[in-house]
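The entries follow in the order in which I made them.

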Amino acid sequence: MSLLEATDLTKHFPVRRGVLGRQVGLVRAVDSISFAIEAGQTLGLVGESGCGKTTTSRLILRVEAPTDGVIRFEGSALDGFDRDGLRRYRRSVQAVFQDPYASLDPRMRVGAIVGEPLVINERPSASALRERVSALLELVSLPARSRDLFPHEFSGGQRQRIAIARALALSPKLVVLDEPVSALDVSIRAQILNLLRDLQRRFGVSYLFISHDLAAVAHMSHTIAVMYLGKIVELGAAAEVARRPKHPYTQALFSAALPLRPGGGSDEIILAGEVPSPLDPPSGCRFHPRCPYAMERCARDEPLLLPESGRLVACHLYPGA
């Protein structure tokens, strides 16, 4: 049984105009996607800006309610949780966000920031709280004296370590990592990624790793899901998707990334045009206006996400799609 499973997950945002707020359309941010996150493993979610990655994370975090579809956690549907069940779920699912400068309250000392989830959920004694905060800071390689400092006294990488310590305070089973290293200097990114991998090996925590940094996704993930305009177009083992992509969009993404090994690069594929608006997505395959292999049926028939070469691909180039 997967730790978390999403089935036909959908989120549409109504677009309203005028004084009366008349609905004039729908933004199809996430449109019937399905995936699973296994215990102790990482699902990497990649795609261009506006493809629905962050909306997906907000659905998992219950910041947004889905328009349709089901999210199951440890086999139970979130829609069936009562207040106590949702409280336990939110303890089990934490997040680390993109900008360590914006995600930490500048008026709070680090000890209060890291200890806040414990104070809200467990109310430990002052001495126990101090001890646990020190242990959490040690986990992310920060000295205990960091408790008494303010966020502005730390570098960007150190602030992200503080955010990670806070996310681990309640011993979560799943951490949503939304672009956790994109705001950091290149020299610091590898340190944070290696820290996250070490913590995963030590505690068995699962990650939903959202990033446009394909090299980071390939390094971190066990499984990769590629999104385009609200749809998953390819889903499979990270090594297979990164090294032998099947969908034309995945091929273009990874051809533009740095090679995973010296001499392992390929000719970059340049995609024509821009990503269409989610207000008015193309008929058939949503990628067909930019696809170099588009056929007549691509504009008419939406391809299904079906098995192909050991992964799932939604493309008419392959039999059964």
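Entry 1. Which residues lie nearest the centre of the largest pocket, and how many residues line it? I worked from a predicted model. I found 22 lining residues, and L61, R90, V93, Q94 and A95 are those nearest the centre. I then looked up which elements give two or more residues to this lining; they are α1 (53–60), α2 (83–92), β6 (93–96), α3 (110–121) and α5 (156–168). The space in the pocket comes to about 540 Å³. By residue class, I recorded 11 nonpolar, 4 polar and 7 charged residues in the lining.

Entry 2. I turned next to α5, one of the elements that contribute to the pocket lining. Its 13 residues should span 18 Å at 1.5 Å a residue, and I noted that the end C-alpha atoms of α5 are 19 Å apart, which agrees.

Entry 3. Why is α5 described as largely enclosed by the rest of the structure? I counted a residue as buried when its relative accessible area is under 20%. Of the 13 residues of α5, 12 are buried, so the helix is largely enclosed. Among them are G156, R159, I162 and L168. The buried residues of α5 pack against β6, α3, α4 (126–139), β7 (174–178) and α6 (186–203).

Entry 4. Lastly, I looked at the whole protein. I recorded 9 helices and 12 strands. Of its 321 residues, 49% count as buried. A compact globule with 321 residues would have a radius of gyration near 20 Å; the protein has 21 Å, which agrees.

Key. Residues are numbered from 1 along each chain as its sequence is written. This is a predicted model: local features need pLDDT of at least 70, side-chain atom pairs count only at pLDDT 80 or more; totals for chains, interfaces and linings use all residues. Side-chain values use heavy atoms; hydrogens and water are left out. On a 1 Å grid over the protein atoms alone, a cavity is a set of points where a 1.4 Å probe fits but cannot get out, and a pocket is an open set with protein on both sides within 12 Å along at least five of seven lines; lining residues have an atom within 4 Å of a point. Grid points are joined across faces, edges and corners, and a volume is the space filled by probe spheres set on the points. Helices (H or I, at least four residues) and strands (E, at least two) are DSSP runs, numbered from the N terminus. Ala, Val, Leu, Ile, Met, Phe, Trp, Tyr, Cys and Pro count as nonpolar, Asp, Glu, Lys and Arg as charged, and the others, Gly among them, as polar. The expected span of a helix is 1.5 Å times one less than its number of residues. Buried means under 20% relative accessible area, exposed over 50%, partly exposed in between (1.4 Å probe, protein chains only). Contact means heavy atoms within 4.5 Å. The radius of gyration is taken over C-alpha atoms; the globule rule is 2.2 Å times the number of residues to the power 0.38.
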